[in-house]
Amino acid sequence: MVSYSKISTNSLSSLLLFSMNNTDGYPLLNGPVNLYPDPASPEWMNKGDNGWQLIATTMVGMQSVPGLVILYGSMVKKKWAVNSAFMALYAFAAVLVCWVMWAHNMSFGAKFCSILGKPGFALSQKFLLSEFNGRYIPTADYVYYQFVFAAITVILLGGSLLGRMNFYAWMLFVPMWLTLSYTVGAFTIWGGGFLDKYIIDYAGGFVIHLSSGVAGFTAAYWVGPRQAHDRQHFPPNNIIHMLGGAGFLWLGWTGFNGGSPFAANMIASLAILNTHICTATSLLVWVSLDMLGYRKSSVIGAVQGMITGLVCITPGAGIVEPWAAVIMGVMSGSIPWYTMMILHRRSAFFQSVDDTLGAFHTHAVAGLLGGLLSGFFARPNLLRMMYPYSTYGPGLMYCIHDGKTKVGLQQMGYQIVGALFIIVWNAVVTSLICILISRIVDLRMKEEDLDIGDDAAHGEEAYALWGDGEKMSTQIRWQNPRIPSICRRQERSLVLEM
């Protein structure tokens, strides 16, 4: 009888008995043939974990393409639909190329300094097809998964800049921000940096959402505001499509938080359930506050409440209990609502910066809130299951219960330090990037192009309709000389107006 310790981790291993080795050196199993190890499925790889990881990662990718492409293209004024959607699509493609060329290893490779890894290719077969850190999946899964995280971070940041940023400046901004800002946050908190052993950030409350919200707000300051009439009147051009994009975002979060354990295990299941509980609660709280404060239930408000719930649960999805997810949902539906709907309108500081989709409130505020609440509600046994070799302290609530308040306060202190690092680094580096790009190209489109929108930026329009900024021919030529009588009066009025 042959014993392999790693194969014993497979969920089916208790039902399979190992027998003699075959001629290729792989063990034969008394079970389905497709479970036999072979050159493409070595004995260290768990097919269930690998399959789930690929599905989860693809779900995260679909949050961006088509999720945020549809959401952004629908949530803005009609004349900015193409430009907004294309900003998301371009960022997704640009991040992937940069990620495998140098950014992955800067985020998760060999240590260069306490906040950054050494740049390098993530393209070799030897690297991609090797076992990932004892997780029973190929390293290619990890590269793919971390890429979609990086891509959605940049796209979320772009939500603050819709409706006025020069697309050529955006083309430069994406690789520069990924290289100089995102990689530092990822390495510092996840990849072996000086905060890696101290910060609880299950799936990116700090690394992804706090950084995108702060960086987006900072970049919005440097790019400048939209035109006054756009800023005052910026209705979504298609609310139904907006809800479709939001749906991709919500359901895609199943992979966002469910894929973080890199295994199809109990933590993944709990994380998925907590994600949807918190999101639904947050949406309902946001809509309720809209009805109490404004006597109407806003569809856009419901989407904002959905997003804040998704963001808030992310840093603690797999390490808090469902009742805590409900509390986090209540807070993520109320605190960001207050900062966006009340504080933003009363604060001269917030009014001075044109954050188009309110990413500061939905991502920075909700991400910070989620990171702090994760440090409060993190359950000890769930932490041990998720991080068996870590030194993370339990949540403050459990420490108080066990008479270890000092340990809990220390963990909360670490969470605050991690948040401050992300805030300061992103504010400073994003400012430097914007200043540098402004020396190369204009950050903001020209005023005459802002009047037109998509047609000026890309020579394309979202809908074949007149008005709202599209260029019109100076001469109307009727192809059919026989015009119905009902149209003649309209034709004469058009010619007189010209």
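Author: We'll take a helix pair, then the cores, then one serine. The model is predicted: local features need pLDDT of at least 70, side-chain atom pairs count only at pLDDT 80 or more, and totals for chains, interfaces and linings use all residues. Residues are numbered from 1 along each chain as its sequence is written, and side-chain values use heavy atoms, with hydrogens and water left out.

Reader: At what angle do α4 and α5 cross?
Author: Roughly 125 degrees, and the axes come within 11 Å. Axes are lines fitted to C-alpha atoms, for helices over the stretch in contact, and angles run from 0 to 180 degrees between N-to-C directions. Helices are DSSP runs (H or I, at least four residues), numbered from the N terminus.

Reader: Which residues of α4 and α5 make the contact?
Author: Among them are Phe149 and Val154 of α4, and Trp170 and Phe173 of α5. Contact means heavy atoms within 4.5 Å.

Reader: What does Phe149 touch?
Author: Tyr182, Trp190 and Phe256 are among its partners, not counting residues up to four places away in sequence.

Reader: New topic. How many residues has the largest nonpolar core?
Author: It has 125. Such a core is a set of buried Ala, Val, Leu, Ile, Met, Phe, Trp, Tyr and Cys residues joined through side-chain atoms within 4.5 Å. Helix α2 gives the most, with 14 residues.

Reader: And Ser107, buried or exposed?
Author: Ser107 is buried, with a relative accessible area of 0%. Buried means under 20%, exposed over 50%, partly exposed in between (1.4 Å probe, protein chains only). Ser107 lies in helix α2.

Key:
Helix = DSSP H or I, 4+ residues; strand = E, 2+ residues; numbered from the N terminus.
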